[in-house]
Amino acid sequence: MAIIPWRPKEMWWDPFRDLEAIQNEMNRMFDSSLVRWGDRGAGLLEGAWSPAIDIYDSKDNVMVKADIPGMKKDEIDVSVHGDTLILKGEKKQERETKEKGFVRTERFYGSFNRAIRLPSEVDAAKVNASYKNGVLELVLPKKEESKPKQLKIDIK
Amino acid sequence: MALIKRQRQEETQPRVIQPLVNIREEDKEVILEAEMVGLTKDGISLDLKGNELTLRGKSGRADDVIPKGYTVVHKERCPLEYVRTFVLGEEIDKSKIDAQYEGGILKVKLTKSEAAQPKKIEIKD
């Protein structure tokens, strides 16, 4: 077919415009879903979510921050096994409100379990944990033997 | 290109997202719970314009900055800004809006006006 029906210029196929449209769509998708944990409809991932975490390191401590909104202090389980930190918990929807007149439910409920490899071994007995405004903050003191050692070498 | 530009932007300014919400309707009120992690009470604002209620929240500076003396090993959390607007129905009494922030959840209580509340009708003998 050599004859192409005439269309106004703005309707001509422009490969770059399509690319741009795809990119916009991708950006929109990332915006709406990346920050939200565990897409509910995502088959295998259904019922699972995992909090976003930050890990910081200093000379004496390791600090871990995790976003875990809407939980109670005693519902979060923190444990240390060697150099692995395990965060566990279950976000429960209150029973009394479970069936009652929900118009919209977007918030995510369910259990999470996250194991984090720490940059060095920590003293599990001295871990300081706090939970405020939905953020879990842990300060984990490093074990004496895993702290960086400074050796002074004399130059002869 | 736009994606790359966007990422660079994020390092300096917070990413704007819509908070996830649960909305529940009861006899006398409508309860809206929005997930807004790591804010302080001062960083949250609720604005009512006509019948549009806008929730806004900006995470405090302190939480976005790397703690003093620490270096980053791994980072997933990013500075966030929450914005979401809801259109309130006629039955909501706009002078009675109540909000509370606890554990990363903003709970907004919208009371229904007298006329919209269910009334029990007594049966006379």
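Which residue of β7(B) does I17(B) stand opposite? In this predicted model, I17(B) faces Y82(B) in β7(B), and the two strands concerned, β1(B) and β7 (residues 80-87) of chain B, run parallel and are joined by three bridges. This pairing belongs to an open sheet of four strands in chain B, ordered β1-β7-β5-β4, in which the pairing is mixed. At the edges of the sheet stand β1 and β4 (44-49) of chain B, each of which pairs on one side only. On average, and with direction ignored, neighbouring strands of this sheet are turned by 15° against each other.

The contact between the two chains draws 31 residues from chain A and 34 residues from chain B. On the side of chain B that touches chain A, at least two residues each come from α1 (2-12), β1 (15-17), β2 (21-25), β3 (29-35) and β6 (71-75) of chain B. By residue class, this side of chain B comprises 15 nonpolar, eight polar and eleven charged residues.

Strand pairing also crosses from one chain to the other. Strand β1 (residues 53-57) of chain A pairs with β6(B) in the antiparallel sense over four bridges, and within this pairing I55(A) stands opposite H74(B). Within chain A, β1(A) is joined by five bridges to strand β2 (residues 61-67) of chain A, again in an antiparallel arrangement, and a hairpin of three residues links β1(A) to β2(A). The bridge partner of I55(A) in β2(A) is V64(A), while in β6(B) the residue opposite I55(A) is H74(B). Because four of its five residues are buried, β1(A) is largely enclosed by the rest of the structure.

A second pairing between the chains is found in an open sheet of five strands, ordered β5(A)-β2(B)-β3(B)-β9(B)-β8(B), in which the pairing is antiparallel. The edge positions are taken by β5 (102-105) of chain A and β8 (92-102) of chain B, each with a single partner strand, so one side of each is left without a neighbour in the sheet. Neighbouring strands of this sheet are turned by 15° against each other on average, direction ignored.

Although I105(B) and V21(B) are 84 residues apart along the chain, their C-alpha atoms are separated by 9.3 Å. When residues up to four places away in sequence are not counted, I105(B) touches P69(A) and G70(A) of chain A as well as E33(B) and E35(B) of chain B.

The largest nonpolar core contains 31 residues, of which V64(A), A66(A), L136(A), L32(B), A34(B), M36(B) and L106(B) touch the most other members. At least two residues of this core are supplied by each of β1, β2, β4 (84-91) and β8 (135-141) of chain A, and by each of β3, β7 and β9 (105-112) of chain B. For L136(A), the contacts beyond four places in sequence are with K65(A), A66(A), I68(A), I76(A), A129(A) and Y131(A). V64(A), one of the core residues with the most contacts to other members, is also the bridge partner of I55(A) in β2(A).

Technical notes: Residues are numbered from 1 along each chain as its sequence is written. Chains are lettered from A and ligands numbered from 1 in the order in which they are written. This is a predicted model: local features need pLDDT of at least 70, side-chain atom pairs count only at pLDDT 80 or more; totals for chains, interfaces and linings use all residues. Two residues are in contact if their C-beta atoms, placed from the backbone, lie within 7 Å. Ala, Val, Leu, Ile, Met, Phe, Trp, Tyr, Cys and Pro count as nonpolar, Asp, Glu, Lys and Arg as charged, and the others, Gly among them, as polar. Two strands pair if DSSP finds at least two bridges between them. A residue is buried if 20 or more other C-beta atoms lie within 10 Å of its own, exposed if 12 or fewer, and partly exposed in between; C-beta atoms are placed from the backbone. Axes are lines fitted to C-alpha atoms, for helices over the stretch in contact, and angles run from 0 to 180 degrees between N-to-C directions. A nonpolar core is a set of buried Ala, Val, Leu, Ile, Met, Phe, Trp, Tyr and Cys residues joined through C-beta atoms within 7 Å.
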